[in-house]
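Trainee: Could you take one part of this model and walk me through it closely? I'd like to look at the sheet, strand by strand.

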Amino acid sequence: MQDELDIDRTTRAIAEEAAAVMASSLRTAGPAYPWNELLPGLVARILELLPTTCEPTEADRRRLVAAARRCARDWVPLKEVELGCQILLACVFGHLWRTAGPRCCAELLRLSGRTAAVLSAVLGTVRRAYVEELGRVSAHRVEGLVISALLEGDDAAVLSGEAGIAFPEPGVVLCITCAGEPQRREPVFDEVPHEIRKRLGEGALCAPSPDGTRLIVVLPASSTDAPEAAPDARLSAAELVESCGAEYGRDFVAGMAYASGIGDAARAVREALWVADLLARGARGGRTGQVGFLLDLVPEAVVAERDDLRERLMTRLAAVRARRQLWTTLRALYDCDLDRGRTARWLGIHRSTLDYRLNSVHRLIGISPTSVRGIVLLSAGLAADSLGS
């Protein structure tokens, strides 16, 4: 196969193709790096290695380490660095498969297999150097790298091990986000606020999401039996939300999820994000500063998934919803856990006035708002109203 190649022309062709793919595929590094200058030398070195052992030399390893460290200093995401290595090899072998003669098929298969085996070691070297350099610049940046891996469903366990970061097992994941419509988010967190750092105990992780719209926190869980019932996790979440409000002068909510270990953490992060979105949308009804698990939001979760159910609920409750005073009274009653005395004080009305309003609701929909069926129906209706149509 080597005899059939014009090495100089092949190198130029592969480098040009790889430069175009890099520029379009790597959002951060794609437009920032001078690929036309960097890639020819790399392609030439790969083509030199192919007919020999495919094993990088010590000098090659040093070049990999230097490149990975440079990417870390330039804040190129690790995922893009790893993807760039794979793009380069894909372009090399793609070109060879397109241009080599049929009799080279067996040789290309052999080289492809050997290169694939070496790739994992190459990526391991790149990953270690990247994490070491990032940790040298800022230990908090490494936490952010692990959090980003969780958000993107990548192998956070490998990164956590490389960085020497112990993941809380078991843990509770918090997703802190601004109250309001999720679709209108804008970057808020450029780094972890000092007050948040002060409140985090030993073994916790905390970092903004890559887009800066959310703060992801992983706390050690004190209970593995019923984490949703453990008051300490809720208290910690409420304190963190309060600290964010004091820091930024805005309203925040926190979705929560339990993670049995790092293998379960990506699922927990997705769940916490979804719960946070529900709480953020529900905050339009005035319930800001909320924290909660998915089990706390059963009505919201159901109506969020079913547009038809939301419409039927609002049709059934239209007469009550049209009377804003009654609707506000219902929300206050349920926010006060059906405590009439507390509800009346909150609304600034007499108990008899509260009872009159609740009786009015009963007459309008034919169900008492304090009966089991009424609580289920009206709780779902209030959730549908908060989530919007």
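Mentor: Let's start with strand S4 (residues 252–259), which is joined to S5 by 2 bridges, the two running parallel. Strands here are DSSP E runs of at least two residues and helices are H or I runs of at least four, both numbered from the N terminus; two strands pair if DSSP finds at least two bridges between them. Before going on: this is a predicted model, where local features need pLDDT of at least 70 and side-chain atom pairs count only at pLDDT 80 or more, while totals for chains, interfaces and linings use all residues. Residues are numbered from 1 along each chain as its sequence is written, and side-chain values use heavy atoms, with hydrogens and water left out.

Back to that pair: Ala254 sits opposite Val291 in S5. Zoom out and you get an open sheet of 5 strands with mixed pairing, in the order S2-S3-S1-S4-S5. Its edges are strand S2 (205–208) and strand S5 (291–292), each of which pairs on one side only. Packed on the sheet is helix H9 (residues 231–248), touching strand S1 (171–178), strand S3 (214–220), S4 and S5 (contact means heavy atoms within 4.5 Å). The direction of H9 makes about 145 degrees with that of S4; axes are lines fitted to C-alpha atoms, for helices over the stretch in contact, and angles run from 0 to 180 degrees between N-to-C directions.

Now for S1. With S4, S1 pairs in the antiparallel sense over 8 bridges, and Val173 stands opposite Ala257 in S4. With S3, S1 is also antiparallel, over 7 bridges; there Gly171 faces Pro220 in S3.

The structure as a whole holds 0 disulfides.

How values were computed. Disulfide = S-S within 2.5 Å.
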